[in-house]
Every structure is written in C-alpha cells, then in structure tokens.
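Q: Please take a close look at the salt bridges of this model and at the helices that they connect. Which residues take part, and how accessible are they?

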Amino acid sequence: MTERKPPGMPYESWIDRQIREAEARGEFDDLPGKGKPLPGLERDPGDMWWIKQKVESEGLSMPLPPTLALRKDAEQALAEARGARTEAEARSIVEDINSRIREAIRTGLSGPPLNLMSYDVDEVVSEWRRARGVT
C-alpha cells in the first residue's frame, strides 16, 4: 500500500479499493484468529477499555492508589512468610510489612481507607511451624 490516493478520488472509494485488492492478493488469508470471535467481546468494556486491554496484553499492571498497593504488598508478604525457608525469615518478612503498615497508619496514605492492621508476628510464625510440623 505504497501508492498515494489519486487526486479527486474520495477517500472511502480509495480505501475500499485498497482493501479489495489486498483481499484478492490473499493478504488477509492467514491472519491469526481467522474465523474466530474477537477476544474479550463477552466482557463489558466499561470506561477506558482500550487502556485495560493494552495493559493486559503487555503484561503490565495498573498503578494502584497507595493504600491499595500496601494492602496488596501485605497479602504478598503474608504469603511469602508462610512459604519462608526458615522461621527467622518468616519473622523478618512479617516485621518488615508491619513496619510499613504502622508507618502508613501513623502518617496516612492517599486512596481508599487502608483498613489494615499489623499482623501478629507470633501467630504467623506459629502457623509457619504447624505447616512444617515443627514444635
């Protein structure tokens, strides 16, 4: 499609001709997903659907408000503590996230309410021990 639109020819006619000629050459024959419905049509697109689709296709994550980011980090830290190799590592992970939670409560973060309290380090360590049969 390196040729230019001839002067005086309407754009629609020129574009239709380009598509028709490309179809005749078979340039659309082996497109991925040919004969299948477009992915994501069953979802309600909502606002900014194209941004969400681009973020998903690129494997990125949407930036979260600080309070939600801390909640997510806290959940991940708890999972990491439960899967830690040693008791000391589990304790350290929980103490680190607890420090961040206390700081957020003390100073405040923007976003929805934090609704998060520090974890009970001894309880998490006890869960860690029980999961491994350690007394």
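A: In what follows, a residue is called buried under 20% relative accessible area, exposed over 50% and partly exposed in between, with a 1.4 Å probe and only protein chains considered. The model is predicted, so local features need pLDDT of at least 70 and side-chain atom pairs count only at pLDDT 80 or more, while totals for chains, interfaces and linings use all residues. Residues are numbered from 1 along each chain as its sequence is written, and side-chain values use heavy atoms, with hydrogens and water left out.

The whole structure contains 11 salt bridges, each being a side-chain nitrogen of Lys or Arg within 4 Å of a carboxyl oxygen of Asp or Glu. One of these joins Glu127 to Arg82, with 3.0 Å from N to O. Glu127 belongs to helix H5 and Arg82 to helix H3, so this contact ties together parts that are 45 residues apart in sequence. Helices here are DSSP runs (H or I) of at least four residues, numbered from the N terminus. Both partners are partly exposed: the relative accessible area is 26% for Glu127 and 41% for Arg82.

A further salt bridge is formed by Arg129 and Glu87, whose closest N and O atoms are 2.6 Å apart. Arg129 lies in H5 and Glu87 in H4, so the pair links parts that are 42 residues apart in sequence. Arg129 is partly exposed at 27%, and Glu87, at 26% relative accessibility, is likewise partly exposed. These two residues also belong to a network of salt bridges that includes Arg91 and Asp122.

The side chains of Glu89 and Arg85 form another salt bridge, at 3.6 Å from N to O. In this pair, Glu89 is partly exposed at 27% relative accessibility, whereas Arg85 is exposed, with a relative accessible area of 71%.

The axes of H3 (residues 66-82) and H4 (residues 87-107) come within 8 Å and cross at roughly 165°. That angle makes H3 roughly antiparallel to H4, a description used for angles over 145 degrees. Each axis is a line fitted to C-alpha atoms, for helices over the stretch in contact, and angles run from 0 to 180 degrees between N-to-C directions. H3 passes H4 in a left-handed crossing, in which the near helix is turned anticlockwise from the far one by less than a right angle.

The loop between H4 and H5 (121-132) holds Asn115. Asn115 is not a glycine, yet its phi is positive, at about 45°. Its side of the picture is an open one in terms of accessibility, for Asn115 counts as exposed at 68%.

Trp50 is placed in H2 (residues 49-57) and counts as exposed, with 54% relative accessibility. Its C-alpha atom is separated by 23 Å from that of Ala69, which is 19 residues away along the chain. Ile19, in turn, is found in H1 (residues 11-25) and is partly exposed, with a relative accessible area of 40%.

Definitions and conventions
Helix = DSSP H or I, 4+ residues; strand = E, 2+ residues; numbered from the N terminus. Parallel < 35°, antiparallel > 145°, perpendicular 65-115°, else oblique.
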